[in-house]
Amino acid sequence: MLNKEEFYQQFQDVSEIKQDVLDSVNTIIQKVKAEKDQALFYYNEQFDGVSLSQLEIPQSEIDQSLDQITPELKAALTQSFENIKAFQERIKHEDVIGEYTSEIYNPLESVGIYVPGGKAAYPSTVLMTATLAKVAGVENIVVVTPPQAEGIKPSILAACKIAGVDRVFQVGGAQSIAALAFGTESVPKGDKIVGPGNQFVAVAKQLLYGYVGIDQIAGPSEIMIIADETSQPEFIVQDILAQSEHDERARTFLLSTSKSLLEQVEALLPDAIEAAPRKAIIEPSVRDFHYPILTQNTEENIEIANYVAPEHLSIQSENPEQYINKIKYAGAMFLGSYAPEALGDYNAGPSHVLPTNQTSRFTNGLTVNDFLTSHSVIRFNQEAFKDYAQGAMELAHEEGLYQHEASVKVRLETEES
């Protein structure tokens with residue numbers, strides 16, 4: 001159990017990139033750029049142990065996937081899709097038309113989506129990304145996901161079908177990011193790449209930004225829970241384990257003014273970890289990256305939360321609404337004991353692709369608007385021009401850009417003659 005000062009001393013940056021990872025990713029990128037599909041087949045065998053005759057999954061296989069999952073799973077995927085679609089339609093930017101100035105929005109033409117496939121299969125990631133692109137109006141939506149010896153799970157393909165994905169390729173890791181950035185004989189070049197992945201995927205996105213747009217450079221997943229004596233310890237324990245099962249480096253923060261609550265949770269954790277099916281992942285995460293913090297008051301909770309800027313912020317204390325306008329930095333907030341982060345991962349509506357490792361201090365979670373570009377439209381008639389001309393000339397003269405000044409002045413002179 002830590003106090004605020006002890007926590008600040010222990011809190012560590014988990015985003016440091018090792019040189020050997022950088023070197024490996026650079027090598028992969030250059031090989032894919034030069035050899036294209038040949039490099040993708042090579043890395044599928046080297047990293048995933050899968051030999052393929054073709055990278056793209058046939059459309060017929062995607063179509064059949066809906067018949068290969070249970071009706072219950074199909075209903076769950078469909079519900080999630082509808083909830084996400086409705087939420088994103090509600091927040092989508094619309095053109096703003098003014099008398100002299102306007103802002104016009106257009107969808108990207110082509111988007112690549114990375115769907116992880118290492119420690120688990122994530123049909124939810126398909127829905128939380130592709131649905132947004134579809135609502136934005138993106139014409140070409142491509143999914144890449146690591147190949148599996150037994151084939152891509154039908155649930156992934158079913159999610160692709162439901163969300164309106166156009167093409168699916170069996171390739172993962174940094175090599176798939178390079179393929180989407182440059183294009184290969186099979187994989188089309190994208191305008192933007194989105195979706196979470198491991199450190200190799202994150203580094204590839206970082207190195208290739210500029211060749212292609214990206215959503216963010218994701219680090220290990222994290223949750224901060226604010227609780228008090230009114231909270232349910234059993235709920236909190238499962239929320240901690242739910243976050244920890246993502247990755248051995250996933251971080252969990254538990255803030256409370258109640259020492260008793262913290263002690264109850266810490267006492268329940270060992271048995272819960274022992275019983276967890278994904279114990280091998282959860283155990284090192286809790287051991288190395290779990291922070292139980294005894295705070296003095298609500299203000300201290302707010303201070304720490306804004307400092308950490310967590311990906312997920314679950315407030316399970318009494319009167320959670322009081323935190324809404326006081327905590328400025330979080331990927332997503334979950335208010336109350338019956339708003340578990342798991343609902344956000346699956347079917348609440350907002351995307352679960354969220355900023356990690358303090359980056360919510362300057363960015364936000366993925367939305368439909370990340371799949372739109374915008375440009376301004378400026379229109380003036382002669383009368384309106386005269387209202388702006390003198391100010392523009394004054395600024396141009398101050399900056400020493402005399403032809404800028406002249407381009408305005410010549411129009412005034414023409415008007416006066």
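This is a predicted model: local features need pLDDT of at least 70, side-chain atom pairs count only at pLDDT 80 or more; totals for chains, interfaces and linings use all residues.
Most residues other than glycine have a negative phi.

A second residue of this kind is Ala309, whose phi is near 50°, again positive in a residue other than glycine. Ala309 is found in the loop between helix H13 (298-308) and strand E11 (312-315). Its relative accessible area is 0%, so Ala309 is buried.

Five strands form an open sheet in the order E5-E4-E3-E6-E7, and their pairing is parallel. For E5, strand E4 (residues 140-145) pairs with it in the parallel sense over four bridges. Within this pairing, Val144 has Phe169 of E5 as its bridge partner.

Another parallel pairing joins strand E8 (residues 222-227) to E9 over six bridges. Here the bridge partner of Met224 is Phe253 in E9. In a regular strand the side chains alternate between the two faces of the sheet. In E9, Arg251, Phe253 and Leu255 point one way, while Thr252, Leu254 and Ser256 point the other way, and all are buried. Because six of the six residues of E9 are buried, the strand is largely enclosed by the rest of the structure.

Strand E9 (251-256) is also one of the elements against which the buried residues of H12 pack, together with helix H10 (233-244), helix H11 (259-275) and strand E10 (290-294). The buried residues of helix H12 (residues 279-289) are Ile281, Ile282, Pro284, Ser285, Val286 and Phe289.

The axes of helix H5 (residues 71-91) and helix H7 (residues 154-163) come within 10 Å and cross at roughly 40°. H5 and H7 are therefore oblique to each other, and their crossing is right-handed. On the H5 side, the contact is made by Leu73, Lys74, Leu77, Thr78 and Phe81, and on the H7 side by Ser155, Ala158, Ala159, Ile162 and Ala163. By class, this contact of H5 with H7 has seven nonpolar, two polar and one charged residues. An α-helix has 3.6 residues a turn, so residues three or four places apart point the same way.

Methods. Residues are numbered from 1 along each chain as its sequence is written. Side-chain values use heavy atoms; hydrogens and water are left out. Two strands pair if DSSP finds at least two bridges between them. Helices (H or I, at least four residues) and strands (E, at least two) are DSSP runs, numbered from the N terminus. Buried means under 20% relative accessible area, exposed over 50%, partly exposed in between (1.4 Å probe, protein chains only). Contact means heavy atoms within 4.5 Å. Axes are lines fitted to C-alpha atoms, for helices over the stretch in contact, and angles run from 0 to 180 degrees between N-to-C directions. Angles under 35 degrees count as roughly parallel, over 145 as roughly antiparallel, 65 to 115 as roughly perpendicular and the rest as oblique. A crossing is left-handed if the near helix is turned anticlockwise from the far one by less than a right angle, and right-handed if clockwise. Ala, Val, Leu, Ile, Met, Phe, Trp, Tyr, Cys and Pro count as nonpolar, Asp, Glu, Lys and Arg as charged, and the others, Gly among them, as polar.
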